Amino acid sequence: MRHLAVLLCVASAAAVERWFDVCPESDAVIHAWARTTVRFDAPCKTVKNEVLARIAGKNGWVDPHNAGTYELTSSVGDVVAADHVTGDGKYTDKLQFMFENADGGDDCEVSGCSVSQVARGVREDCAPALVTRPRRSRP
């Protein structure tokens, strides 16, 4: 039983480390951030292309929270990074998404993180809406 506990602690530490790997950094000491992992019933290529299309505002897509704007800063392999500026121009967030095939199948698991670049507390609209309609969500 003791070996199982040690194994779980090591596995948990690795999961926490990976959890923060996806989050961009902020120069603000106190800042808001949000992180989520979502599983889609679609291949990662399809999900990634949808995220890229929303960042670019294709097909008339607009940020439903506050009409903020997005700018792609990087798309390399399975990682997409972008900047988000709120519709009122007050806040800037750095976003990063990692796309991974789930359980060796066609489902795609997306880990995403939004980190504020200005000192502030949590506000209602700090989590951008680029990734929506999850089949199931994991804490």
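This is a predicted model: local features need pLDDT of at least 70, side-chain atom pairs count only at pLDDT 80 or more; totals for chains, interfaces and linings use all residues.
**Aspartate 83.** I looked up aspartate 83 and found it in strand S3, where its side chain makes a polar contact of 3.3 Å with the side chain of lysine 94. I then listed what aspartate 83 touches, leaving out residues up to four places away in sequence, and wrote down Thr69, Tyr70, Glu71, Thr73, Asp93 and Lys94.

**The hairpin.** I followed S3 (residues 79-85) to strand S2 (residues 69-76), which runs antiparallel to it and is joined to it by seven bridges. One pairing I checked was serine 75, whose bridge partner in S3 is valine 80. Two residues lie between the strands of this hairpin, and in the turn I found glycine 77 with a positive phi of about 60°.

**Aromatic rings.** I searched the whole structure for aromatic pairs and found one. The pair is formed by tryptophan 61 and tyrosine 70, and it is tilted, with 5.9 Å from centre to centre and 50° between the planes. I looked up both residues and noted that tryptophan 61 and tyrosine 70 are buried.

**Helix H2.** I traced helix H2 (residues 44-55) over its 12 residues and noted a reach of 16 Å from the first C-alpha to the last, close to the 16 Å expected. I recorded its buried residues as Cys44, Val47, Lys48, Val51, Ala53, Arg54 and Ile55, and what covers them includes strands S1, S2, S3, S4 and S5. Just after H2, I came to glycine 57, which takes a positive phi of about 70°.

Key:
Residues are numbered from 1 along each chain as its sequence is written. Side-chain values use heavy atoms; hydrogens and water are left out. Two strands pair if DSSP finds at least two bridges between them. Helices (H or I, at least four residues) and strands (E, at least two) are DSSP runs, numbered from the N terminus. A polar contact is a pair of N or O atoms within 3.5 Å; within protein, one must be able to donate a hydrogen and the other to accept it, and residues adjacent in sequence count only if both atoms are side-chain atoms. Contact means heavy atoms within 4.5 Å. Rings of Phe, Tyr and Trp (its six-membered ring) pair if their centres lie within 6.5 Å; planes under 30 degrees apart count as stacked, over 60 as edge-to-face and the rest as tilted. Buried means under 20% relative accessible area, exposed over 50%, partly exposed in between (1.4 Å probe, protein chains only). The expected span of a helix is 1.5 Å times one less than its number of residues.
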